[in-house]
Amino acid sequence: MKVDKQNKQAVSNRLKFYFAWPMILSTVLIAMNAAIYMINADIAILISLFLMVYVVFAVFIYIFGKIGFKTEMVRYAMDIAKIEAARLNEMEVPYAVVDERGNIHWCNDAFYDIANSDNVDKKSILELFPEFSNELSSVEESDIEIIAKKDGKEYRVVFRRKTEAEEAEKQGDAWNGGISVFFYDITEINELKRENSENKMIMGLLYIDNYEEALESIDDVKRSLLSALVERKITKFMQSIDAVTRKLEKDKYIVIFKNKYLEKLKNDRFSILDEVKGVNIGNDMAVTLSFGIGISKESYTQSSDFARAAIDMALGRGGDQVVIKEKNNITYFGGKSQRTGTNTRVKARVKAHALSELIEAKDNVLIMGHKNSDTDAIGAAIGVYRICRTFNTTAHIVINDISSSIAPTIDKMKATSENGEELFVTGEQALGMVDKDTMLVVVDVNNPKFVECEELLYKVNTIVLLDHHRQGKDVINNTVLSYIEEYASSSCELVAEILQYIDLDVKMTSTEAAAMYSGIMIDTNNFLTKTGVRTFEAAAFLRRNGADVTKIRKAFRTEMDEFKLKSKIASSAEIYRDYFAFARNTEGDIKDKNRVILGAKVANELMGILNVKASFVFTPCEGEIYISARSIDEFNVQTLMESIGGGGHLSVAGAQPKNVTIEEAEKIVKDALDLVIDVDDKKG
């Protein structure tokens, strides 16, 4: 609008200058005539007569000519305005001119059609569109656009300040500012967009998690029937969403369906998972599915890649769930069943051989766990260290903060290992050791944000990942070898299996075996949770290598003060919605990270209460709130913690919400819990 005012002023100045030229020229001629008079008076008198005629004519043009020109200009402008008004009136785009209070001063015929009223010019636009009040009061130099709906149609509404309004305000006009409002009908465009989006094809990969195991759990004569019933359930479900289903292998399917059915599947929480689990003709093991769906707006090839990544993630998280992967988002459904570990060790043998080759080819290995390392992380790191030393490869364990629970193990390792005090290094020291022949082994964590030193992930080219936690949205991607088994009780169990398949004769010390045994014992709560056949086999292997159970149990006895503190925290717990125990660990120094471990122990103790399905302990420490979540088999704390930014296992999980108080953290968990329970109630 400032530009328009400047342009108008420039035109006005040019016109004034144009009409002033005869007067300026008259002044010049008079001066010239005065000079001639000094030379020749007779000629000057003659010229004066003609000059007088010219001046009279110039004054006449300046006064009357300018008035006439302005009159013609005004008449011309009015004609143009009438033409513009007629064109605006005939314009198909609904258009209105309103003031800041919403009063309609003028509108075209198309706007009458929107308003469905003959006397709309006597109304306020806010009567038709109450939501416009904010825009009318805030529109300035730049346009404002919003989406409005009326009578089943969608409009892109543009608010634009009229330049004439400034002139009206300048002249003291009663009109309090003019705003042009344009209505662009986008109903058909949006409908076409929706139709195009709904008809876009989505690719999915559906796998039966435990096909062989489920068949083995039933009589031979019923195996074909079980297989047929499962396939019938899958086929029938896919027909309900008009999907094309093709069998890739006996337990693998490729599925293609339209995007319009995806929202229906989400609202239904992918009931196919429960339908297949409900198939029971005497089989001891329920059949579970994993479904990976890839969505890409760019290409079907990328959709296929996303689907493969999604199914890998679903399987890596334990199966019995759906993972939907988009470009910048991952969504999970299901995952409530505890995956049963298989007795076959083919995968462990393959991973052991691959890890051996990598270690043998490197001169330096760095081993790293998660922040605030626990017994399982340090035990698994010590196991990998023993593999490295078997191949005479230099190895160091990266750890920044040493808690009281792992301090005795670290002290013993420093006293008995070949590296001595140099075995354990900080993240800063580890960064200085990196060269082209360095390999990094990450244990007991797969989220890059939770590792002990995240910078190492981007500085080391060769990375190996060994973990037993379910994968979340953020994962370590740049690995040359990844062994993630959600069925395993602990990372120490995975490393113990790998140790048994190393080609060379591995000779563990009793301290190393005890450290790994401790990791399994702590993560299984003294072999009460998440245990399987392979858990006890790993424990037996460590016992044979010198792990003394009596000494280990003595090492983990608590002091009387800690015992009283645990009892005090547990006694303050409250029961939420009949089945969930909540407690606050606010005792002691908030800078002491051992409080976090204490909170985890209390969460384990609370699970001993009758009818408690899950426990949650909140521990403030160094400006953060640590949430320890535990369950047995009736509730999935891992998916609950994932929903608030954490993760873990089905029965052991945690989270660290940022910038919240302990009260706010508790409310976050309760709100997430309410949502899960309400969804389950609707399904039930």
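The model is a predicted one. The first topic is helix α14, which spans residues 375–390 and packs against helix α18, residues 491–500.

**Helix α14 on its own**
- Helix α14 contains 16 residues and extends 23 Å from its first C-alpha to its last, close to the 22 Å expected at 1.5 Å a residue.
- Because 16 of the 16 residues of α14 are buried, this helix is largely enclosed by the rest of the structure.
- Just after α14, Asn-392 adopts a positive phi of about 60°.

**Helix α14 against helix α18**
- The axes of α14 and α18 come within 8 Å and cross at roughly 15°.
- The two helices are therefore roughly parallel, since angles under 35 degrees count as such.
- The crossing of α14 with α18 is left-handed.
- On the α14 side, the residues in contact include Gly-379, Ala-380, Gly-383 and Val-384; on the α18 side, they include Cys-492, Val-495 and Ile-498.
- The residues of this contact between α14 and α18 comprise 7 nonpolar, 4 polar and 2 charged.

**Helix α22 against helix α23**
- The crossing of α22 and α23 is right-handed.
- Helix α22 contributes Glu-562, Leu-565, Lys-566, Ile-569 and Ala-570 to the contact, while α23 contributes Leu-598, Lys-601, Val-602, Glu-605 and Leu-606.
- The residues of the contact between α22 and α23 divide into 6 nonpolar, no polar and 4 charged.

How values were computed. Residues numbered from 1 in each chain as written. Predicted model: local features only at pLDDT ≥ 70, side-chain atom pairs only at ≥ 80, totals over all residues. Heavy atoms only, no water. Left-handed = near helix turned anticlockwise from the far one by under 90°. Helix = DSSP H or I, 4+ residues; strand = E, 2+ residues; numbered from the N terminus. Contact = heavy atoms within 4.5 Å. Nonpolar A, V, L, I, M, F, W, Y, C, P; charged D, E, K, R; others polar. Expected span 1.5 Å × (residues − 1). Buried < 20%, exposed > 50% of the residue type's maximum accessible area, 1.4 Å probe, protein only. Axes fitted to C-alpha atoms, helices over the stretch in contact; angles between N-to-C directions. Parallel < 35°, antiparallel > 145°, perpendicular 65-115°, else oblique.
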